[in-house]
Amino acid sequence: MNKPPRAFFSPLASGAPAPMRELPVTLERMIHFVPAHNAKLRSRVPDMAKQVDVILANLEDAIPADAKDAARAGAVEMGKSFDFASAGVGYWSRINALNSPWHLDDVTTLVGEIGDKLDVIMVPKVEGPWDIHYMDQLLALLEAKHGVKRPIMLHAILETAQGVANVEAIAGASPRMHGICLGPADLAASRKMKTTRVGGGHPGYRVLSDANADGGERASAQQDLWHYTFAKMVDACVMHGLKPMYGPFGDFDDEAACEQQFRNAYLMGCVGAWTLHPSQIAIAKRVFTPAVDEVKLAMRMIEAMPDGTGVALVDGKMLDDATWKQAKVIVDLARLVAA
Ligand code: GLV
Ligand code: MG
């Protein structure tokens with residue numbers, strides 16, 4: 001007997017409690033950031049929309065304090081002048097932090113002016129479930145006031161030590177929660193890490209092999225600064241049926257390091273990453289779309305165990321129910337990309 005089909009990322013597949021609602025099954029491999037005060041970059045939105053899964057109007061960090069009003073107005077203009085829904089592209093905005101002087105105007109203006117156009121509000125520097133409860137209530141009031149028909153979802157950035165400590169409660173704080181992404185720059189500052197980068201590794205964070213008896217050179221390898229946070233974030237997201245994502249990679253010239261950072265996120269369970277520069281779009285597409293060989297192998301594994309139970313051998317390697325489930329993750333994602 002065939003196993004019942006499982007939804008992509010369904011927590012039901014693992015026996016976890018059902019999420020409060022099903023997320024729309026849609027590709028969000030790259031969240032492309034547009035500095036919303038910049039008219040030239042705004043004018044490229046229709047062209048960008050042909051290349052990316054999601055476009056985000058950025059109002060927070062990287063927008064100068066004296067351009068916050070212009071950015072907010074730019075986000076409204078983007079939502080009114082381009083039909084994201086018809087283009088099949090998500091429209092998100094990253095608002096200013098809850099304790100900033102721009103926050104309230106951001107939320108009231110976005111919901112009042114383009115509440116029906118906006119899919120997701122990205123909330124920076126979320127520290128605990130209370131931040132999400134507050135956003136949930138505020139959105140409910142504003143949506144009712146403005147007759148917004150479809151609830152706006154929330155995506156939290158994990159970028160403070162307190163947020164990481166509370167990530168499970170944040171993930172479960174509201175049925176509006178869409179996902180959580182890692183913000184390595186603010187998180188590094190919050191943790192008092194000694195880095196000055198946006199994502200990626202650090203040449204000083206490494207492990208040395210034991211000393212050689214003959215006094216020869218010792219092997220040394222850089223380690224992943226973000227592994228612990230990824231693992232914690234992915235578990236919290238999956239537990240609540242949310243999408244985990246990676247955030248920004250700041251060195252636009254180092255495409256290999258960007259690709260490796262994105263790939264680590266993909267392998268750990270993330271579904272997408274931010275793209276801050278057009279050169280990063282192709283990288284995100286490549287990384288967060290399963291490779292042809294990966295899909296072919298996964299399909300052979302599923303064919304070798306059509307009912308998903310028992311044991312089989314593919315290329316000399318043992319499969320059982322658990323490997324069947326792993327292969328299904330890859331095949332389901334490939335089907336989503338192909339749809
Ligand atoms: C993103 O906002 C970050 O702080 O890395
Ligand atoms: Mg940040």
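Predicted model: local features only at pLDDT ≥ 70, side-chain atom pairs only at ≥ 80, totals over all residues.

## Helix pairs and a ligand shell

Helix 13 and helix 14 are oblique to each other, a description that rests on the angle between their axes, which cross at roughly 130° and come within 8 Å.

Another pair is formed by helix 11, at residues 255-268, and helix 12, at residues 279-288. Their axes lie 9 Å apart, and the two helices pack at an angle of about 35°, with a crossing that is right-handed. Helix 11 contributes E255, C258, E259, F262, R263 and Y266 to the contact, whereas helix 12 contributes S279, Q280, I283, A284, V287 and F288. In terms of class, the contact of helix 11 with helix 12 is made up of seven nonpolar, two polar and three charged residues.

A further pair brings together helix 3, which runs over residues 68-81, and helix 5, which runs over residues 103-114. How are helix 3 and helix 5 oriented to each other, roughly parallel or oblique? Their axes come within 10 Å and cross at roughly 20°, and helix 3 and helix 5 are therefore roughly parallel to each other. The crossing of helix 3 and helix 5 is right-handed. In helix 3, the residues R72, A75, V76, G79 and K80 meet D105, D106, T109, L110, E113 and I114 in helix 5, and this contact divides into four nonpolar, two polar and five charged residues.

From the helix pairs we can turn to the annotated parts of the chain. The unreviewed UniProt entry places a domain named "HpcH/HpaI aldolase/citrate lyase" at residues 29-197. In the model, this span is 44% helix and 19% strand, and its end C-alpha atoms lie 23 Å apart.

The unreviewed UniProt entry also places a "binding site" feature at E159 and D186. E159 itself sits in the loop between strand 5 (153-158) and helix 7 (161-165). A "binding site" feature in the unreviewed UniProt entry is likewise placed at R94 and E159. R94 belongs to strand 3, at residues 90-94.

Which residues surround ligand 1? The shell is made of D61, I157, E159, G183, P184, A185, D186, V198, G247 and P248, and E159 and D186 in this shell are the residues at which the unreviewed UniProt entry places a "binding site" feature. Helix 9, at residues 184-191, gives the most to the shell around ligand 1, with three residues. By class, the shell around ligand 1 comprises five nonpolar, two polar and three charged residues.

Methods
Residues numbered from 1 in each chain as written. Chains lettered and ligands numbered in written order. UniProt positions renumbered as here; feature names shortened; annotations may be inferred. Helix = DSSP H or I, 4+ residues; strand = E, 2+ residues; numbered from the N terminus. Near = placed C-beta within 6 Å. Nonpolar A, V, L, I, M, F, W, Y, C, P; charged D, E, K, R; others polar. Axes fitted to C-alpha atoms, helices over the stretch in contact; angles between N-to-C directions. Left-handed = near helix turned anticlockwise from the far one by under 90°. Contact = placed C-beta atoms within 7 Å. Parallel < 35°, antiparallel > 145°, perpendicular 65-115°, else oblique.
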